[in-house]
Amino acid sequence: MNLDSIYDLKIEDISLGYVYNSKKQNFTCIFCGETFDEGIVYEDNHNFITAKRAIEQHIEREHNGVLKTLLSLEKDITGLTEIQSKIITGLMEKKESKKLAEEMGISPSTVRTHKFYLQKLKRQSKIFLTIMNLLELQEEEVESKELLKNEKLNEELLKSSCETNSLHPFFTQYNLK
């Protein structure tokens, strides 16, 4: 799996760190492309686990979890600045603002400001995603209407061509089968 295709995934799949392919019946890591086939039992530290559990273990061991891996991606993919990534990492590690500020060499009020801004960004992102989803639905609706319109036009053309190629009334008065 290519990280460029991460944009095509559902939020739920990105959050999991893997996608499930129902046709192939396997789980694929979105970060490295490793797959685990459903129906196969995998061994893990003398335990037997399912493919789903195996992919979850893989993501934790090989990629240090989904959140850390996403935070390590480049700014042009995440949209986060280095400071924002460090603040989120601090939140993930349950560090207090004062401790985080010391480690980053900034004031605790700056850390609180960044936290506030990240919460604001989260709220705005929900609205933005909703707007974009509605726009997509509207575009799909327009395309559907165009298809329906074209189908009706084709039916009318077919009907009119049948009428122009119809038999003389003399031949249609008899019900011939």
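A residue is called buried when its relative accessible area is under 20%, exposed when that area is over 50%, and partly exposed in between, as judged with a 1.4 Å probe and protein chains only. R61, at 45% relative accessibility, therefore counts as partly exposed. The structure described here is a predicted model, in which local features need pLDDT of at least 70 and side-chain atom pairs count only at pLDDT 80 or more, while totals for chains, interfaces and linings use all residues. Residues are numbered from 1 along each chain as its sequence is written, and side-chain values use heavy atoms, with hydrogens and water left out.

**Salt bridges**

- A salt bridge is taken here as a side-chain nitrogen of Lys or Arg within 4 Å of a carboxyl oxygen of Asp or Glu, and by this rule the count comes to seven salt bridges.
- One of them joins D44 and R61, whose closest N and O atoms are 2.4 Å apart; this pair links distant parts of the chain, since D44 belongs to strand β4 (residues 42–44) and R61 to helix α2 (residues 51–63), 17 residues apart.
- Helices (H or I, at least four residues) and strands (E, at least two) are DSSP runs, numbered from the N terminus.
- E103 and K95 form another salt bridge, at 2.7 Å from N to O, and both ends are partly exposed, with E103 at 44% relative accessibility and K95 at 25%.
- E103 and K95 also belong to a network of salt bridges that links E93, K95, K99 and E103.
- In helix α7, E141 and K145 are separated by about one helical turn because they are four residues apart, and their side chains meet in a salt bridge of 3.5 Å, N to O.
- Of these two, E141 is partly exposed at 46% relative accessibility, while K145 is exposed, with a relative accessible area of 53%.

**Helix α6 and its two sides**

- Helix α6 (residues 97–104) has S97, L100 and A101 as its buried residues; seen down the axis of α6, these fall within an arc of 100 degrees, so they line one face of the helix.
- That arc is the one spanned by the directions from the helix axis to the C-beta atoms.
- K98 and E102 are exposed on the other side of α6, and just after this helix G105 takes a positive phi of about 75 degrees.

**Surface patches**

- Patches are made of residues with over 30% relative accessible area and no salt bridge, where like charges are joined within 9 Å and nonpolar side chains (Val, Leu, Ile, Met, Phe, Trp, Tyr) within 5 Å.
- A nonpolar patch on the surface is formed by I11, I127, F128, L129, I131, M132 and L135, which together have about 650 Å² of accessible area, a value from the Shrake-Rupley method with a 1.4 Å probe.
- Helix α7 gives the most to this nonpolar patch, with six residues, while I11 is placed in helix α1 (residues 11–16) and is exposed, with a relative accessible area of 52%.
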